[in-house]
Amino acid sequence: MNKVEVKKVTGKKEMDDFIRLTDYIYRDCPQYVPDLRSDIRTLIKPRKAIATPHPAPSENAKHRSLYLQPFVAYQNEKPVGRIVGIINHRTNEKWQTKNVRFSMIEFIDDIDVSKALIEAVSEWGRSHGMNRIQGPLGITDFDKEGMLLEDFDMTGSPSTIYNPDYYPHHMETLGMEKEVDWVQIRINVPEEIPARYQRVAQYCREQMGLKVIKVTDDMVYKKGYGKKVFDLLNDAYEPLFGFTRLSDKQVNQFLHKYLPVIDHQLIPVIVDENDNVVGAAVTMGSISQAMRKAGGSLWPLGWYHLLKALKWKREDNAEMLLIAVRPDLQGYGINAMFFEDLIPIYNKYGFRWAETGPQLEDNVRELSQWKPLHPEIVKRRRCYKKELE
């Protein structure tokens with residue numbers, strides 16, 4: 001039995017090993033969609049890897065509300081696993097918990113490796129006063145979350161986790177238990193808008209005074225619509241599992257990183273008669289195959305594959321990343337306005353099917369909205385938990 005050594009990412013060698021491990025794990029996997037290496041490098045760069053004890057959150061929560069520590073596992077000096085530990089004090093304060101999260105976990109099919117990774121984050125969490133480990137989860141609710149449990153033959157996406165089928169078995173062997181499950185919805189794009197959606201959308205327009213708009217860059221950045229949309233998302237998702245409101249800094253990061261590359265025609269925003277944002281849907285054409293061709297890098301030709309998929313030769317499906325309605329208006333059928341708007345556009349763009357992001361399995365209201373489209377439930381994924389002794 002080869003000894004497993006887990007090291008913190010503190011320099012270039014560990015950083016490169018962390019990033020390139022997925023090239024080995026998924027070298028023969030056509031379903032895996034790689035992240036951009038530059039994004040991973042930015043997230044886990046050593047200056048963000050804080051390992052010293054943290055003062056009480058109340059003392060400096062505004063400045064030091066997050067700890068992040070990446071690790072790499074080695075056997076015979078060869079990288080065989082990786083993991084990131086995350087302590088989000090804002091989330092723990094909101095939910096009155098002491099959780100350390102694990103994220104970006106990858107490992108070969110060796111229980112000694114997965115055990116060493118989980119133990120490394122557990123010990124790191126205990127040293128910061130945490131009493132429970134959970135994951136995979138990200139820093140925010142808009143990051144990748146949930147270990148894939150089924151449908152390993154389906155292609156992944158840049159916004160969700162893909163993992164080999166042995167990962168969940170390792171978690172169970174290590175005593176990890178289910179905390180929550182998410183599912184995704186896959187639909188075939190109909191040629192015509194279902195009559196039910198048309199009726200409800202008409203009611204929302206005529207009786208509630210609502211309308212769909214498409215925001216421009218000027219409206220997003222200069223007139224504040226970007227922030228209005230994220231304020232809505234914060235309000236709508238506030239009660240959901242593990243959610244913590246995004247800060248203004250995080251909102252600005254999302255706006256400047258993602259909105260410039262998404263076709264605004266695929267982002268319907270619903271406003272009332274006073275121009276208040278009451279609903280928003282963030283969707284985009286799939287870039288899964290483009291990301292596979294890019295191989296985790298924009299250079300030398302990765303940018304071309306991505307631009308081609310976004311602008312010139314679209315892939316055949318859309319990703320429905322986020323849908324939100326203001327809490328006091330939920331249950332009135334406002335989501336029908338999204339479908340009435342998007343179905344003709346999806347047909348125009350040649351999207352034959354669409355898939356949602358992960359949705360909590362017990363969020364009945366959210367899941368029921370897809371019924372007129374004859375949805376298929378796919379890609380169940382799980383957040384695990386375990387008490388730290």
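The questions below concern the cavities and a surface patch of this predicted model.

Student: How many cavities of 30 Å³ or more are there?
Tutor: A cavity is a set of points where a 1.4 Å probe fits but cannot get out. With the cut-off set at 30 Å³ or more, the count is three.

Student: Which strand and which helix each supply at least two residues of the lining of the largest cavity?
Tutor: Among the lining residues are Met284 and Gly285, and also Ala309 and Leu310. The strand covers 277-285 and the helix 302-312, and they are β10 and α12.

Student: How many residues of the lining of the second largest cavity are nonpolar, polar and charged?
Tutor: This cavity holds about 50 Å³ of space. Its lining is made up of Ile187, Val189, Pro190, Met320, Phe339, Leu342, Ile343, Tyr346 and Leu373. Tyr and Pro count as nonpolar here. The division is therefore nine nonpolar, no polar and no charged.

Student: Which helix gives the largest share of that lining?
Tutor: Phe339, Leu342, Ile343 and Tyr346 are among the lining residues. The largest share is four residues, and the helix, spanning residues 335-349, is α13.

Student: What is the area of the nonpolar surface patch that includes Trp299 and Trp312?
Tutor: Leu301, in the loop between α11 and α12, is one of its members. Trp303, Tyr304 and Leu307 also belong to the patch, and its area is about 690 Å².

Conventions. Residues numbered from 1 in each chain as written. Predicted model: local features only at pLDDT ≥ 70, side-chain atom pairs only at ≥ 80, totals over all residues. Heavy atoms only, no water. 1 Å grid on protein atoms, 1.4 Å probe; cavity = no way out; pocket = protein on both sides within 12 Å on 5 of 7 lines; lining within 4 Å. Points joined across faces, edges and corners; volume = space filled by probe spheres on them. Patch = residues over 30% accessible without salt bridge, like charges linked within 9 Å, V, L, I, M, F, W, Y side chains within 5 Å. Areas by Shrake-Rupley, 256 points an atom, 1.4 Å probe, with all protein chains shown as cover. Salt bridge = Lys/Arg side-chain N within 4 Å of Asp/Glu carboxyl O.
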